[in-house]
Amino acid sequence: QVQLVESGGGLVQAGGSLRLSCVFSVRTFSMSAMGWFRQAPGKDREFVGAISWSGYTTSYADSVKGRFTISRDNAKNTMYLQMNSLKPEDTAVYYCTADSTSQMPRKNSEGTWQYDCWGQGTQVTVSS
């Protein structure tokens with residue numbers, strides 16, 4: 001059973017905007033911290049941002065801070081990633097993720113964000 005489904009990716013020119021959506025399973029993730037990661041070709045998957053189950057707590061990677069905004073609407077079972085002022089280096093596959101065991105985003109002792117479920121990803125391409 002697919003529990004996280006991303007959409008909204010596409011091709012956009014530098015300086016443009018996109019909004020990604022992630023529909024999640026209510027049964028599993030309605031009380032879960034969630035987040036976004038991305039992976040560019042030839043690079044490791046990297047953290048983009050995180051949000052608590054309530055939506056009141058968010059955290060962002062320095063590379064996207066001030067340009068990207070994470071939000072969620074639990075009534076619609078959907079998390080969003082609003083991406084503004086896009087740059088070619090934002091080109092990547094974007095993944096929705098969730099931590100089914102925590103309401104707050106958290107890291108392990110090594111400083112790695114903890115998530116246990118992933119979507120299939122959606123491609124974002126920013127042209128220069």
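Glu46 comes out as partly exposed, because its relative accessibility is 35% (buried is under 20% relative accessible area, exposed over 50%, partly exposed in between, with a 1.4 Å probe and protein chains only). Its side chain meets that of Arg38 in a salt bridge, 2.5 Å from N to O (a side-chain nitrogen of Lys or Arg within 4 Å of a carboxyl oxygen of Asp or Glu). Keep in mind that this is a predicted model, where local features need pLDDT of at least 70, side-chain atom pairs count only at pLDDT 80 or more, and totals for chains, interfaces and linings use all residues. Residues are numbered from 1 along each chain as its sequence is written, and side-chain values use heavy atoms, with hydrogens and water left out.

**Salt bridges**

- The structure has 5 salt bridges.
- Arg38, the partner of Glu46, counts as buried because its relative accessibility is 5%.
- Arg67 pairs with Asp90, with 2.7 Å between the closest N and O atoms.
- Arg67 sits in the loop between strands S6 (58-60) and S7 (68-73) and Asp90 in the loop between strands S8 (78-83) and S9 (92-99), so the pair ties together parts 23 residues apart in sequence (strands are DSSP runs of E, at least two residues, and helices runs of H or I, at least four, numbered from the N terminus).
- A salt-bridge network links Arg38, Glu46, Arg67 and Asp90.
- Arg106 and Asp99 also meet in a salt bridge, 2.7 Å from N to O; Arg106 is partly exposed at 37%, whereas Asp99 is buried at 2%.

**Aromatic pairs**

- There are 4 aromatic pairs (Phe, Tyr or Trp rings, using the six-membered ring of Trp, with centres within 6.5 Å; planes under 30 degrees apart are stacked, over 60 edge-to-face, the rest tilted).
- Phe37 and Phe47 make an edge-to-face pair, because their planes stand at 75°, with centres 5.7 Å apart.
- Phe37 is buried at 8% relative accessibility, while Trp118 is partly exposed at 33%.
- Ring pairs gather Phe37, Phe47, Trp113, Tyr115 and Trp118 into a cluster.

**Charge over rings**

- The charged end of Arg45 sits over the Tyr95 ring, 4.0 Å from its centre (NZ of Lys or CZ of Arg within 6 Å of the ring centre and within 35 degrees of the ring normal).
- Arg45 also lies over the face of Trp118, 4.5 Å from the ring centre.
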